[in-house]
Amino acid sequence: MCNECMVYPGCRHGYCNGSAWQCICDTNWGGILCDQDLNYCGTHEPCMHGGTCENTAPDQYRCTCAEGLSGTQCEIVEHPCAPQPCRNGGTCTLTGNDKPPTIVSSTVASIVVRGMRGMSSMGKPFGRSAGSAGSSSGTVESNDQPKAGSSKLSSGLPVPSSNGPQPMKDFVCTCAPGWTGPTCEINIDECADGPCRNGGTCIDLIGKFRCECPPQWTGDTCQNDVDECESNVASGLGPCINAESCRNLPGSFQCTCLEGWGGPTCAKNLDDCVGKCKNGATCIDLVNDYHCACAVGYTGRDCSTDINECANFPCRNGGECVDFIGNFKCICPLGFSGTLCEALAENCTDALQKRRSGTQQDADRTSQAR
């Protein structure tokens, strides 16, 4: 099979260039089959507690530990504060080693300190290496689980059980404002006590809080009433528009409106037509006033007065006028007809002419006799 490129045992982290057993490796990989990690630090991150990792050879590395830490992977804690157990800006302080292995307060944590170099946190010996280790010797065995009765802090530091080794030193975390807990891992909720008043919404921050207040209130805890009447300096009426005055109230305001205006800010023109015009009239709303467009036959401000069409005596020749709504009727005397009794009846015309003619003849005879 040496004359062919095979998937196995071919290149693990690379590709074959067409010749047997000749691999072109991916970045950070080497060896004949590209199976040796040249960047073990970047791939596995073996150094614990913030140790600095340095690649020394394929699959080899070296950890540079901070003061108070030791071991191939900086896993041995010689100084309880060395791993910086206090989080979120907390300050770590050692306490006396003569204190019992109990938690003094909620901000006190205990740690088991190994006095022997070359021992893992589980008490198993490491391979002897002069500052470097392979992938097997430089990694803590993962199948070693904590035994029953033991626990771990949130920072990953073991807390001793009653059956295990007793702590040699304790440390206390002095937390920054806004944090609490043994290792300052708990954010204090400053909104828990409801500091915001008058309907304000509390927003929890680190070490403090902020209140989002309704428009009617202001201040750090929404404790100050906003004087809405001072919002318009020019008029002195604040949000009031068609008003005589503005009065500030706790969390509100009150407008004294001019006549004809209403609403919270006196911006609404009141309807003055309600129940005003009568007899089918059309009402036109004005500002603090109204006008009635009366139907035929009515008059007056509210169209409640019936117009007397007989007032001007429209009937002639002694006709009698009868008033109706928007109209009238003439009752004509005998011998007259028409809407206004202005015409003579047809059967009376000849008699009237004869009477006039006879009267004229009598007058002529009298004149001749004289």
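## Report on a predicted model with EGF-like annotations

Strands β24 and β25 form a hairpin with 2 residues between them, and N288 in the turn has a positive phi of about 60 degrees. Strands here are DSSP runs (E, at least two residues) and helices are runs of H or I of at least four residues, numbered from the N terminus. This is a predicted model, in which local features need pLDDT of at least 70 and side-chain atom pairs count only at pLDDT 80 or more, while totals for chains, interfaces and linings use all residues. Residues are numbered from 1 along each chain as its sequence is written, and side-chain values use heavy atoms, without hydrogens and water.

β24 (residues 282-286) pairs with β25 in the antiparallel sense over 5 bridges; pairing requires at least two DSSP bridges between two strands. L286 stands opposite D289 in β25. In β25 (residues 289-293), Y290 and C292 make up the covered face, and D289, H291 and A293 the uncovered one.

The UniProt annotation "domain: EGF-like", from an unreviewed entry, covers five spans, two of which are tabulated; such annotations may be inferred rather than shown by experiment.

| Residues | End C-alpha separation | Helix | Strand |
|---|---|---|---|
| 187-223 | 26 Å | 0% helix | 30% strand |
| 306-342 | 26 Å | 0% helix | 35% strand |

The protein chain averages a pLDDT (the predictor's confidence in each residue, from 0 to 100) of 74, and 70% of the residues score at least 70. Over residues 98-168 the pLDDT is below 50. Where pLDDT is low, the predicted coordinates should not be read in detail.

Definitions and conventions
Contact means heavy atoms within 4.5 Å. Buried means under 20% relative accessible area, exposed over 50%, partly exposed in between (1.4 Å probe, protein chains only).
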